[in-house]
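The following report looks at how the parts of one chain are arranged and how selected side chains are placed. Please read it alongside the sequence and the coordinates.

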Amino acid sequence: MLVKEYRICMPLTVDEYRIGQLYMISKHSNEQSGGGEGVEVVRNEPCTDPKHGSGQITEKRIYLNSKLPTWMKRFVPMVFYLTETAWNFYPYTITEYTCSFLPRFHVKIETHFKNDNGCSKNVFGDDPTPTDNVCFLDILSDPIPEKNYKKSEDLSDWVSEKTGRGPLVDGWRNDTKPIMCSYKRVTCSFEVYGFQGRTEDFVHRNIRDILLVGHRQAVAWIDEWHGMTLEQVREYERKQQEETNCKLKSDIASPGSDPAIRPSFTRSISVTDESSLKKMGVTTLDIPSSPSSLKGPVRLKSTPE
């Protein structure tokens with residue numbers, strides 16, 4: 001099991017980012033969907049928790065077979081997706097990733113948002129993350145994959161017309177106001193001999209890239225979402241999710257599409273519905289509506305274990 005804490009600062013307030021985060025995730029998911037891959041939203045509904053109060057639970061399927069390294073494709077089926085379950089009790093969130101084909105794979109991301117520049121210690125209130133495992137990510141200067149670079153999202157040239165913020169310059173985290181930080185503790189485990197280290201390293205490298213790109217976009221797109229109410233951004237989220245789901249369904253229905261590069265929902269269902277899983281010796285666990293009831297990873301587990 002590999003645990004790292006990522007700290008990502010932005011020239012925003014925590015209250016502003018509540019809107020910006022929802023907008024960014026919805027737009028980014030839509031942009032990344034197509035060609036039979038992307039994000040399918042299964043459910044998105046209110047939930048409550050005795051400790052954290054009212055929130056929102058979201059469940060998604062993320063199809064990404066073409067993004068896997070060659071060595072990993074050897075032991076996963078052609079149609080591959082992760083299940084993402086997120087509990088949003090802003091400014092605290094929990095996100096978990098599991099996979100029915102890889103029962104011993106589990107990723108958990110806990111997030112606290114604070115109005116500071118990443119200087120807070122032990123924001124999670126339990127065992128502090130070892131210093132060597134704390135990573136500061138700079139949305140201005142840290143490299144991102146070339147395929148994700150867009151001139152319009154380069155924060156060294158970015159200026160917000162609505163807020164007057166930008167551009168960011170070297171050392172911006174020391175004197176920029178407002179400023180906030182996303183504290184993200186990421187726990188990754190893949191308990192398969194011979195693949196554990198490589199898989200956990202691969203996951204953390206990709207999470208690092210995703211965090212950098214997503215937080216850059218939230219800032220670069222500020223003029224699109226700044227001033228929206230929570231109700232307005234939830235409506236935007238709903239429309240984007242409908243469009244994203246339609247993209248995946250149209251890819252499947254398209255007679256000219258290549259079945260080798262698109263997910264077959266029929267095949268996916270055939271190996272993940274309860275009766276088929278029982279024939280394979282796999283039992284399922286219901287995903288709870290409240291994270292406080294989680295005693296461990298929410299995942300499919302083989303029997304016997």
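## A buried ring pair

F190 counts as buried because its relative accessibility is 2%, where buried means under 20% relative accessible area, exposed over 50% and partly exposed in between, computed with a 1.4 Å probe on protein chains only. F105, at 7% relative accessibility, counts as buried too. This is a predicted model, in which local features need pLDDT of at least 70 and side-chain atom pairs count only at pLDDT 80 or more, while totals for chains, interfaces and linings use all residues. Residues are numbered from 1 along each chain as its sequence is written, and side-chain values use heavy atoms, with hydrogens and water left out.

## Aromatic pairs

A pair of aromatic rings is described by the distance of the centres and the angle of the planes. Here rings of Phe, Tyr and Trp (its six-membered ring) pair if their centres lie within 6.5 Å, and planes under 30 degrees apart count as stacked, over 60 as edge-to-face and the rest as tilted. A search of the whole structure finds five such aromatic pairs. In one of them, the rings of Y17 and F113 have centres 5.4 Å apart and planes at 65 degrees, so the pair is edge-to-face. Because Y17 lies in helix α1 and F113 in strand β6, the pair ties together parts that are 96 residues apart in sequence; helices (H or I, at least four residues) and strands (E, at least two) are DSSP runs, numbered from the N terminus. Both Y17 and F113 are buried.

The rings of F105 and F190 have their centres 6.2 Å apart and their planes at 70 degrees, so this pair is edge-to-face. It links distant parts of the chain, with F105 in strand β6 and F190 in strand β8, 85 residues apart. Ring pairs also link Y17, Y90 and F113 into a cluster.

## The sheet and its helices

Eight strands form an open sheet of mixed pairing, in the order β2-β3-β4-β5-β6-β8-β1-β7, where two strands pair if DSSP finds at least two bridges between them. The edges are taken by β2 (38-49) and β7 (134-137), each of which has a single partner strand, so one side of each is left without a neighbour in the sheet. On average, neighbouring strands of this sheet are turned by 20 degrees against each other, direction ignored. Strand β1 (residues 2-10) and strand β8 (residues 180-190) run antiparallel and are joined by nine bridges, with M10 standing opposite M180 in β8.

Helix α1 (residues 14-32) packs on the sheet, touching β1, β2, β3 (53-63), β4 (81-89), β6 (105-114) and β8, and its direction makes about 145 degrees with that of β6. Helix α4 (residues 196-220) also packs on the sheet, where it touches β1, β6, β7 and β8, and its direction makes about 10 degrees with that of β1. For these angles, axes are lines fitted to C-alpha atoms, for helices over the stretch in contact, and angles run from 0 to 180 degrees between N-to-C directions; contact means heavy atoms within 4.5 Å.

Nine of the nine residues of β4 are buried, so the strand is largely enclosed by the rest of the structure. From β4, Y81, T83, T85, W87 and F89 point one way and L82, E84, A86 and N88 the other way.

Eight bridges join β3 to β4, and these two strands run antiparallel; E59 stands opposite T85 in β4. Seven bridges join β4 to strand β5 (residues 92-98), again with an antiparallel run, and the bridge partner of T83 in β5 is T98. β4 and β5 form a hairpin with two residues between them. P91 is placed in the loop between these strands, and the peptide bond from Y90 to P91 is cis, with omega near 15 degrees.

## Other local features

A cis peptide bond also joins K177 and P178, with omega about -5 degrees, and P178 is in the loop between α3 (172-175) and β8. N122, in the loop between β6 and β7, has phi near 50 degrees, a positive value in a residue other than glycine. At 31% relative accessibility, N122 counts as partly exposed.

Q241 is found in helix α6 (residues 230-253) and is buried, with a relative accessible area of 14%. Leaving aside its neighbours within four places in sequence, Q241 is in contact with V41 and N44.
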